[in-house]
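The sequence and the structure are shown first.

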Amino acid sequence: MSGNIKLLRDTLAAAKAEGRSALIAYLPAGFPTVDGGIEAAKAVFDGGADVVEIGLPHSDPVLDGPVIQTADDIALRGGVKIADVMRTVREAHEATGKPVLVMTYWNPIDRYGIERFTAELAEAGGAGCILPDLPVQESATWREHADKHGLATVFVVAPSSKDARLAEITAAGSGFVYAASLMGVTGTRESVGEQAQDLVRRTQATTGLPVCVGLGVSNAEQAAEVARFADGVIVGSAFVKLLLSADGDLAAGLAGVRALAGELAAGVRTRS
């Protein structure tokens with residue numbers, strides 16, 4: 001069975017044709033529970049997200065800040081498995097018909113097996129993977145299997161990336177490019193900053209892939225700011241924070257993330 005890279009491409013292209021950025025939401029699998037995480041993914045789609053990234057919880061993250069680390073810890077203590085990640089992808093995609101990716105560090109895939117992981121992700125209807133710690137020069141085997149199963153390979157670029165390095169990364173990637181807006185870990189911030197705009201400009205000069213900005217966006221105003229120069233706006237910690245603050249009241253948490261998705265969806269259409 002082939003994965004949904006075409007659906008991802010078509011979704012991002014449709015947003016561009018509408019003269020707006022795409023809204024991409026991030027939520028970890030298994031948080032607050034496996035079932036709750038599935039409902040949260042559906043809720044952000046209901047609110048207006050175009051794409052959802054499902055995080056594979058990891059005990060030793062390098063990109064994730066304290067909010068997502070807390071959620072990951074809850075999911076891991078709850079016994080979340082890769083099978084639960086695949087189930088989350090499947091049910092979120094089947095319920096909405098929209099593209100769902102997995103964001104994961106490399107170690108879980110390496111231990112699980114590349115062929116097994118890519119085959120199961122494609123079978124679940126997944127659109128691809130974001131791999132923040134897989135070096136491009138070591139990614140050939142992964143990309144071979146991802147291509148075979150119709151999955152996108154999304155790499156992360158940072159403000160510190162030199163132009164030659166950007167070109168190397170974007171040439172190897174597919175689906176879109178994840179541009180980290182600043183040097184640091186995920187989390188909500190007061191300002192996304194000029195670094196993001198410069199990084200997007202430099203990245204777009206190397207590729208025709210959409211360039212989507214993550215790290216720091218938490219409200220409609222920031223989404224509108226980023227939407228002026230990026231093809232997509234990625235929001236994670238703000239959604240996770242709402243689920244954490246609901247303190248076990250899943251209905252309240254779902255209402256919160258649905259409402260925030262609606263506000264952000266309006267923001268990416270504003271381009272202030």
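## Helix packing and selected residues

The model is a predicted one, in which local features need pLDDT of at least 70, side-chain atom pairs count only at pLDDT 80 or more, and totals for chains, interfaces and linings use all residues. Residues are numbered from 1 along each chain as its sequence is written, and side-chain values use heavy atoms, with hydrogens and water left out.

Helices (H or I, at least four residues) and strands (E, at least two) are DSSP runs numbered from the N terminus. Contact means heavy atoms within 4.5 Å. Buried stands for under 20% relative accessible area, exposed for over 50%, and partly exposed for values in between (1.4 Å probe, protein chains only).

**Helix α4.** After α4 comes G97, which has a positive phi near 75 degrees.

**Two helix pairs.** Two packed helices are described by the angle between their axes and the distance between the axes. Here the axes are lines fitted to C-alpha atoms, for helices over the stretch in contact, and angles run from 0 to 180 degrees between N-to-C directions.

| Helix pair | Angle and axes | Handedness of crossing |
|---|---|---|
| α4 and α6 | about 30 degrees, axes 9 Å apart | right-handed |
| α3 and α11 | roughly 55 degrees, axes within 9 Å | left-handed |

A crossing is left-handed if the near helix is turned anticlockwise from the far one by less than a right angle, and right-handed if clockwise. At about 30 degrees, α4 is roughly parallel to α6, whereas α3 and α11 are oblique to each other. Angles under 35 degrees count as roughly parallel, over 145 as roughly antiparallel, 65 to 115 as roughly perpendicular and the rest as oblique.

In the crossing of α3 and α11, which is left-handed, V67, I68, T70, A71 and I74 of α3 make the contact with S237, V240, K241 and L244 of α11. The residues of that contact are six nonpolar, two polar and one charged. Ala, Val, Leu, Ile, Met, Phe, Trp, Tyr, Cys and Pro count as nonpolar, Asp, Glu, Lys and Arg as charged, and the others, Gly among them, as polar.

**Individual residues.** F239 has its place in helix α11 (residues 237–245) and counts as buried because its relative accessibility is 0%. Residues up to four places away in sequence aside, F239 touches A25, Y26, L27, V44, V257, L260, A261 and L264.

H58 lies in the loop between β2 (51–55) and α3 (66–77). H58 is also buried, at 14% relative accessible area. Beyond its neighbours within four places in sequence, H58 is in contact with D72, L76, Y105, N107 and P108.

D247, in the loop between α11 and α12 (250–268), is exposed with a relative accessible area of 71%. Although not a glycine, D247 has a positive phi of about 50 degrees.
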